[in-house]
Amino acid sequence: MTNIRAFQPDDLPVIQAIRRRAFQPIHDSFRSLVGEEVFQLEFSDWDQAQGNYLESICAEDSGKEIYVATVNEAVVGFIGLAMNHASGRGEIDLNAVDPEHQGHGIGQFMYKFAVDRMQSAGIKIVRVGTGGDASHLPARKAYEKAGFHVGIPSIMMYRKIAE
């Protein structure tokens with residue numbers, strides 16, 4: 001049975017491992033898309049940088065809410081929420097489901113929880129960001145299934161300027 005609960009500091013190592021496993025294929029795809037040279041200049045520290053970001057949003061004073069999804073009490077996913085009560089805007093922040101548990105509705109469970117939580121807090125609009133490349137297609141499909149349909153396409157371009 002899938003449940004969701006507030007993040008506890010002891011969860012950090014587990015969700016860091018989930019984050020790493022879930023995002024590794026995306027960064028492997030980035031390597032293919034931009035080539036090794038650009039990848040090394042732009043993305044070589046992705047794991048450390050993203051790990052630091054996850055740690056920062058899990059901090060008690062981050063202003064964000066972090067929740068973990070569990071199956072039989074084992075943590076299998078996490079989701080961050082950011083809410084600006086003054087503007088009524090919310091955002092689904094960094095989130096992931098352990099690849100071994102993907103495809104079983106856990107992401108949908110987390111997104112429904114996130115939207116319901118923000119709606120109950122008076123938030124009027126929720127956004128979520130993802131990539132437009134093929135490696136992000138599963139995330140885009142999951143967000144669409146959760147009711148996110150309006151989007152602004154963008155592209156990130158690179159030019160190496162020094163040896």
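User: Is Lys64 buried, partly exposed or exposed?

Analyst: This is a predicted model, and the class follows from the relative accessible area. Buried means under 20% and exposed means over 50%. The relative accessible area of Lys64 is 28%, so this residue counts as partly exposed.

User: Which residue does the side chain of Lys64 meet in a salt bridge?

Analyst: Lys64 lies in the loop between helix H2 (46-58) and strand E2 (65-71), and its partner lies in strand E4 (residues 89-97). The pair therefore ties together parts that are 29 residues apart in sequence. The N to O distance is 2.6 Å, and the partner is Asp93.

User: Is Asp93 buried or exposed?

Analyst: The cut-off for buried is under 20% relative accessible area. Asp93 has a relative accessible area of 11%, so Asp93 is buried.

User: How many residues apart are Glu37 and Lys160?

Analyst: Their side chains meet in a salt bridge of 2.6 Å, N to O. Glu37 belongs to helix H1 (residues 12-42), whereas Lys160 is in the segment after helix H4 (137-145). The pair links distant parts of the chain, and the separation is 123 residues.

User: Which other residue meets Lys160 in a salt bridge, at 3.2 Å?

Analyst: The distance runs from N to O between the two side chains.

User: How many salt bridges does the structure hold?

Analyst: The pairs discussed include Lys64 with Asp93 and Glu37 with Lys160. Arg19, Arg20 and Asp47 are also linked, in a network of salt bridges. The total for the structure is eleven.

User: At roughly what angle do the axes of H1 and H2 cross?

Analyst: Two packed helices are described by the angle between their axes and the distance between the axes. The axes of H1 and H2 come within 9 Å, and their crossing is right-handed. The angle is roughly 145°.

Definitions and conventions
Residues are numbered from 1 along each chain as its sequence is written. This is a predicted model: local features need pLDDT of at least 70, side-chain atom pairs count only at pLDDT 80 or more; totals for chains, interfaces and linings use all residues. Side-chain values use heavy atoms; hydrogens and water are left out. A salt bridge is a side-chain nitrogen of Lys or Arg within 4 Å of a carboxyl oxygen of Asp or Glu. Helices (H or I, at least four residues) and strands (E, at least two) are DSSP runs, numbered from the N terminus. Buried means under 20% relative accessible area, exposed over 50%, partly exposed in between (1.4 Å probe, protein chains only). Axes are lines fitted to C-alpha atoms, for helices over the stretch in contact, and angles run from 0 to 180 degrees between N-to-C directions. A crossing is left-handed if the near helix is turned anticlockwise from the far one by less than a right angle, and right-handed if clockwise.
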